[in-house]
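Here is a colleague's note on the structure shown below.

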Amino acid sequence: MAGEAQDDCLFCKIVAGQVPATVVRETDTTVAFRDINPQAPTHVLVIPKAHYKDAAALAAGAPELAADVLRETRAVADEEKLESYRTVFNTGAGAGQTVWHAHAHVLGGRGLQWPPG
């Protein structure tokens, strides 16, 4: 069920404190932690505490929570002292989503080319 923790979800386990993560920020609705396979000097994931399978489901089911996630990407960038950064939501396997819990990547600390990938 959307919004409810899933027993088989890695990010739900991080939210519950069952799996360790290097948390850099936490609010009532979000958690931000360092990616274990960083693609830039700063690579932080911002996730909603509630489970939604991807960014599209999050936006449709809980737009206020989606806004919280986006707001936190800015807070992470500010705390990391990033003058410029990229925010990425991978939605679906073809876009590179590997964990089925909505999350934003905050990448910075080096030049990021366009197009990505």
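**Note on a predicted model**

1. Helix H1 supplies three residues to the lining of the largest pocket, the largest share. The model is a predicted one, and the points below should be read with that in mind.

2. The largest pocket holds about 730 Å³ of space. Its lining is made up of 31 residues, and Asp35, Gln39, His43, Asn90 and His105 are the ones closest to the pocket centre. Two or more lining residues come from each of helix H1 (10–15), strand S2 (30–34), strand S3 (42–48), strand S4 (85–88) and strand S5 (104–108).

3. What is the make-up of the lining of the largest pocket in nonpolar, polar and charged residues? The lining divides into 16 nonpolar residues, eleven polar ones and four charged ones.

4. On the fold: there are three helices and five strands in the protein. Along the sequence they follow the pattern α-β-β-β-α-α-β-β. The radius of gyration is 13 Å, close to the 13 Å that the globule rule gives for 117 residues, so the protein is as compact as a globular protein of that length. Taken along the principal axes, the C-alpha atoms fill a box of roughly 40 × 30 × 25 Å.

5. On burial and surface: 40% of the 117 residues count as buried. The protein exposes about 6,800 Å², and carbon and sulfur atoms supply 51% of that area. As for contacts between residues at least 6 apart in sequence, 52% join residues at least 24 apart.

6. Threonine 22 sits in the loop between H1 and strand S1 (23–26). Is threonine 22 buried, exposed or partly exposed, and at what relative accessible area? Its relative accessible area is 48%, so threonine 22 is partly exposed, as the value falls between the 20% and 50% cut-offs. Leaving aside neighbours within four places in sequence, threonine 22 is in contact with Ala32, Phe33 and Arg34. Arginine 34 is twelve residues from threonine 22 along the chain, and their C-alpha atoms are separated by 5.6 Å.

7. Glycine 92 is in the loop between S4 and S5. With a relative accessible area of 19%, glycine 92 counts as buried, because the limit is under 20%. Not counting residues up to four places away in sequence, glycine 92 touches Gln97 and Trp100.

8. Alanine 50 belongs to the loop between S3 and helix H2 (55–61). Which residues does alanine 50 touch, not counting those up to four places away in sequence? They are Gly3, Leu65 and His101. Leucine 65 is 15 residues from alanine 50 in sequence and 8.6 Å from it in space, C-alpha to C-alpha.

9. Two backbone details deserve a check. Lysine 81, in the loop between helix H3 (63–79) and S4, has phi near 60 degrees, a positive value in a residue other than glycine. Lysine 81 has a relative accessible area of 71% and is therefore exposed, the cut-off being over 50%. The other detail is the peptide bond from tryptophan 114 to proline 115, which is cis, with omega near 0 degrees. Proline 115 lies in the segment after S5.

Definitions and conventions. Residues are numbered from 1 along each chain as its sequence is written. This is a predicted model: local features need pLDDT of at least 70, side-chain atom pairs count only at pLDDT 80 or more; totals for chains, interfaces and linings use all residues. Side-chain values use heavy atoms; hydrogens and water are left out. On a 1 Å grid over the protein atoms alone, a cavity is a set of points where a 1.4 Å probe fits but cannot get out, and a pocket is an open set with protein on both sides within 12 Å along at least five of seven lines; lining residues have an atom within 4 Å of a point. Grid points are joined across faces, edges and corners, and a volume is the space filled by probe spheres set on the points. Helices (H or I, at least four residues) and strands (E, at least two) are DSSP runs, numbered from the N terminus. Ala, Val, Leu, Ile, Met, Phe, Trp, Tyr, Cys and Pro count as nonpolar, Asp, Glu, Lys and Arg as charged, and the others, Gly among them, as polar. The radius of gyration is taken over C-alpha atoms; the globule rule is 2.2 Å times the number of residues to the power 0.38. Buried means under 20% relative accessible area, exposed over 50%, partly exposed in between (1.4 Å probe, protein chains only). Contact means heavy atoms within 4.5 Å. Accessible areas come from the Shrake-Rupley method with a 1.4 Å probe; for residues, only the protein chains shown count as cover.
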